[in-house]
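Work through the exercises below with the sequence and the coordinates at hand. Each task is followed by its solution.

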Amino acid sequence: MSGPDLRRAAAARALDLVEPGMRLGLGTGSTAAAFVALLGERVRDGLDIVGVPTSEATRVQAEGLGIRLATLDTMPELDLTIDGADEVDDQLRLIKGGGAALLREKIVACASRRMVVIADAAKRVSRLGAFPLPIEVNPFGLTATHRAVEAAVAAAGCAGEVRLRRHADGKPLVTDGGHHILDAHLGAIPDPETLGAALWSVPGVVEHGLFLGIADAAILAAAQDGQAEVTVLGSLA
């Protein structure tokens, strides 16, 4: 069973949580895109919901599917956000930001009554950190911020290289918010809370990809005897 099949299975289970009239946060990334695609089918069949996208890519996809959209300025409280994750541990701590949308993803998730993660089971880890931790930073003073982030990472008991994310042509990636991304290749994060606090102490850091105490549940799909088997961490209620 392929990755797209597993992502679609997790997305389909999350779609069961959607009720008419809901205000939904729409995540970013391949698994979130699978959910938005299924949601678009339900909207075409008459489901009435309003979505707030977490990236321009998601906005374009949702608009193309006829999903009614709003912003947090006009609709500041949401019922549910469905989004993917790059890593999730058994305490529902996440690393997000592989798609460079972590700032908007965290704002939308924190504006929601519930956040549910959808992913294939390979994203479940015993300890965060194998996936590089994205850190969104202001372009102003980038070199100084980069050095300060490296110091904060070391002070939090982590080791590894912090790299500026670039496109294939060598130009720095620019997020939807006009920022850059530093990726911390740490291998393991012994204390995510300590690292998160250390990063927040750095002027120039706009947001980091540690989502701590935000997710309420994770829907994980794994291949079992040629079929997708879905398990849930946390509570979907």
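**Exercise 1.** Which residues does Ser112 touch, not counting residues up to four places away in sequence?

*Solution.* Two conventions come before the list. This is a predicted model, where local features need pLDDT of at least 70, side-chain atom pairs count only at pLDDT 80 or more, and totals for chains, interfaces and linings use all residues. Residues are numbered from 1 along each chain as its sequence is written, and side-chain values use heavy atoms, with hydrogens and water left out.

- Step 1. Take contact as heavy atoms within 4.5 Å. Beyond four places in sequence, Ser112 touches Leu78, Leu80 and Thr81.
- Step 2. Ser112 lies in strand β6, residues 112–120; helices (H or I, at least four residues) and strands (E, at least two) are DSSP runs numbered from the N terminus.
- Step 3. Look for polar contacts: pairs of N or O atoms within 3.5 Å; within protein, one must be able to donate a hydrogen and the other to accept it, and residues adjacent in sequence count only if both atoms are side-chain atoms. The side chains of Ser112 and Thr81 form one of 2.6 Å. The Ser112 side chain also reaches the backbone oxygen of Val108, at 2.9 Å.
- Step 4. Assign burial. Buried means under 20% relative accessible area, exposed over 50%, partly exposed in between (1.4 Å probe, protein chains only). Ser112 counts as buried because its relative accessibility is 12%.

**Exercise 2.** Which residues have the most contacts inside the largest nonpolar core?

*Solution.* 

- Step 1. Define the set: buried Ala, Val, Leu, Ile, Met, Phe, Trp, Tyr and Cys residues joined through side-chain atoms within 4.5 Å.
- Step 2. The largest core has 29 residues, and Phe35, Leu39 and Ile49 have the most contacts inside it.
- Step 3. Elements giving this core two or more residues are α1 (3–15), β1 (23–26), α2, β3 (78–83), β6 and β12 (217–224).
- Step 4. Another core lies apart from it, with 24 residues, including Ile95, Leu128, Leu133 and Leu164.

**Exercise 3.** Which residues line the largest pocket?

*Solution.* 

- Step 1. On a 1 Å grid over the protein atoms alone, a cavity is a set of points where a 1.4 Å probe fits but cannot get out; a pocket is an open set with protein on both sides within 12 Å along at least five of seven lines; lining residues have an atom within 4 Å of a point. Points are joined across faces, edges and corners, and a volume is the space filled by probe spheres set on them.
- Step 2. The largest pocket, about 210 Å³, is lined by Val52, Pro53, Arg59, Leu69, Ala70, Thr71, Leu72, Asp73, Arg104, Ile107 and Val108.
- Step 3. Two or more of these residues come from each of β2 (50–53) and α4 (102–110). The largest share, three residues, is from α4.
- Step 4. Turn to the second largest pocket, of about 170 Å³. It has 14 lining residues, and Thr28, Gly29, Gly84, Ala85 and Asp86 are the closest to its centre. Helix α2 (residues 30–44) gives the most to that lining, with three residues.

**Exercise 4.** How many cavities of 30 Å³ or more does the structure hold?

*Solution.* 

- Step 1. The count is one.
- Step 2. The lining consists of Thr54, Ala100, Ala101, Leu103, Arg104, Glu136, Thr175, Asp176 and Gly177.
- Step 3. Check the backbone at Ala100. Its phi is near 65°, a positive value in a residue other than glycine. Ala100 is in the loop between β5 and α4.
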